[in-house]
Amino acid sequence: MRVTTLGEMATGLAHEVNQPLAAIAAYARGASVRIKGGKANWDELAEVLDRIAEDAHRAAEVVRRLRQFGKQRETDRSAVDANELVQEVCRFVAAEAAHRQIVVTLKPATGLPPVLADPIEIQQVLLNLILNALDAVAPMDATCRHVVVRTRATARGTVEWIVDDSGPGISANLKEQVFEPFFTSKEQGLGMGLAISRSLVESHGGRIWPRRSKWGGASVGFSLPIMDGPQGRSLCVGGARQ
Ligand SMILES: Nc1ncnc2c1ncn2[C@@H]1O[C@H](COP(=O)(O)OP(=O)(O)OP(=O)(O)O)[C@@H](O)[C@H]1O
Ligand SMILES: [Mg+2]
């Protein structure tokens, strides 16, 4: 699974970095031709340089995100409270949401058992899901921009985080593809958010899935085994704390 993903990543990476590099080369060559022909003016050149800087920035961003994905960061797992994690992420995105006139509502379940997790990694997953939800509802009418983040415990010994939105939803035929590295429908997107999220969730022994929300938008959830459940105990013994 991981090997396939890395293989796909390499192909995707080559494409994602090559595109801006090819554009940079073309802009630079074009500008050079105009200068040599005595046709260049400063405004035009400034615009070309801006485009070159933008594309260089994009290539660098791809590499930065990829590094983050592939980095063998020491995972640091401890007993975490699902609600505390999500509260912090909501505080973090509040300004961005307000700026886009979106209210992110938190509906935390009470009495959740702790999960054994790396809080930074799980917050990264939540951040990716919430940012996707903000992107999804942003084009909707101001009265129809709903993003709700819920937590719940299940009878299967897991805790779930679910992000519901009132955007256009994820169509059934894209439900697998959206988790592939570099799959994106956004002009400024890299298509890394869900791929990274799935990798992080699965490394915790959890699952992530897309469904349909009550508004017909997306409802993307993930589950992690609780610390004292059978799966959680085996994670403790199996190396998560080593
Ligand atoms: N809540 C959502 N509603 C509708 N479509 C979604 C939602 N979340 C993800 N998608 C679709 O899945 C694609 C992949 O999402 P992913 O988070 O991996 O990448 P991205 O958001 O495009 O870019 P980024 O790397 O910046 O996160 C999105 O481009 C979008 O088409
Ligand atoms: Mg995203």
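Which helix supplies the largest share of the lining of the largest pocket? Hold that while you set up the view.

This is a predicted model: local features need pLDDT of at least 70, side-chain atom pairs count only at pLDDT 80 or more, and totals for chains, interfaces and linings use all residues. Residues are numbered from 1 along each chain as its sequence is written, and side-chain values use heavy atoms, with hydrogens and water left out.

**Stop one: helix α3.** Select residues 82-99. Helices are DSSP runs (H or I, at least four residues) and strands are E runs of at least two, numbered from the N terminus. The 18 residues of α3 should span 26 Å at 1.5 Å a residue, and the end C-alpha atoms are 26 Å apart, which agrees. The expected span is 1.5 Å times one less than the number of residues.

**Its ends.** Show Asp-81, which caps the N-terminal end of α3. A side-chain oxygen of Asp-81 lies 2.8 Å from the backbone nitrogen of Asn-83. After the helix comes Gln-101, with a positive phi near 55 degrees.

Colour Leu-85, Val-89 and Val-93, which are among the buried residues of α3. Buried means under 20% relative accessible area (1.4 Å probe, protein chains only).

**Stop two: the lining.** Now select α4 (119-137). That helix, α4, gives eleven residues, the largest share of the lining of the largest pocket. Also show α2 (42-70), α5 (193-203) and β7 (218-225), which each supply at least two lining residues. To find the centre, pick Asn-132, Asp-135, Thr-184, Lys-186 and Gly-189, the lining residues nearest to it.

Conventions:
Chains lettered and ligands numbered in written order. Buried < 20%, exposed > 50% of the residue type's maximum accessible area, 1.4 Å probe, protein only. Contact = heavy atoms within 4.5 Å. Polar contact = N/O pair within 3.5 Å; in protein donor to acceptor, adjacent residues only side chain to side chain. 1 Å grid on protein atoms, 1.4 Å probe; cavity = no way out; pocket = protein on both sides within 12 Å on 5 of 7 lines; lining within 4 Å.
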